[in-house]
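Trainee: I'm new to this one. Could you walk me through it with a few questions and answers?

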Amino acid sequence: MKGTLSHELEISLPADEIWSVYRGLELAELVVKLLPNVIYKMDLVGGAGEVGTILHLYFPPGTPLVQSYKEKFTKIDDEKHIKEAYVVEGGYLDLGFISYMVRFEVIKKSEADSIIVSTIEYEVDENFASNASLISTAPLAIIHETVGKYLIEKKSNA
């Protein structure tokens, strides 16, 4: 069974400023710093933020079902502001998912405003189809809102 979920957030920052954070490692670093209740820890397994980079992300202690997962950056398009990462070990793969991918796209709405579109695409083994109900864009929404506020405050204090 395949599925897709999406979330959009409009933010009052230029697309290039958001993309500079989202395209590489800085997003994960900020999430660990600002939202340790979402992602508790990050280890860089390989790479430096380019396609092929692998991160090991850890959930806070006591998180039910899964404690961590590894993701691999498979696409970074600087023209279209699109980044894709697949879970390659742990996480949803331990719950019967065949694949789990997150795509971030930063769309320029105006010179000063942008839209961050998050898309989750997944495929789950039919024997574990009920686990599809575990998929949610809520953590991504929290990440985008928190990182967005942080970047806006940082810019206004510069």
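Mentor: Gladly! A term to begin with: buried means under 20% relative accessible area, exposed over 50%, and partly exposed in between (1.4 Å probe, protein chains only). Helices (H or I, at least four residues) and strands (E, at least two) are DSSP runs, numbered from the N terminus. This is a predicted model, where local features need pLDDT of at least 70, side-chain atom pairs count only at pLDDT 80 or more, and totals for chains, interfaces and linings use all residues. Residues are numbered from 1 along each chain as its sequence is written, and side-chain values use heavy atoms, with hydrogens and water left out.

Trainee: Where do the buried residues of helix H2 lie around the axis?

Mentor: Helix H2 spans residues 26-34, and its buried residues are Leu-27, Ala-28, Leu-30 and Val-31. They cover an arc of only 160° around the axis (taken from the directions from the helix axis to the C-beta atoms), which puts them on the same side of H2.

Trainee: Which strand joins E7 through a hairpin?

Mentor: Strand E7 covers residues 114-124, and nine of its eleven residues are buried. Two strands pair if DSSP finds at least two bridges between them. E1 (residues 2-11) pairs with E7 in the antiparallel sense over ten bridges, while eleven bridges join E7 to E6, again antiparallel. The hairpin, through five residues, comes from E6.

Trainee: How many residues apart in sequence are the parts that Arg-23 and Asp-78 tie together?

Mentor: These two form a salt bridge, with the closest N and O atoms 2.7 Å apart; the term means a side-chain nitrogen of Lys or Arg within 4 Å of a carboxyl oxygen of Asp or Glu. Arg-23 lies in the loop between H1 and H2 and Asp-78 in the loop between E4 (68-77) and E5 (82-90), so the parts tied together are apart in sequence by 55 residues.
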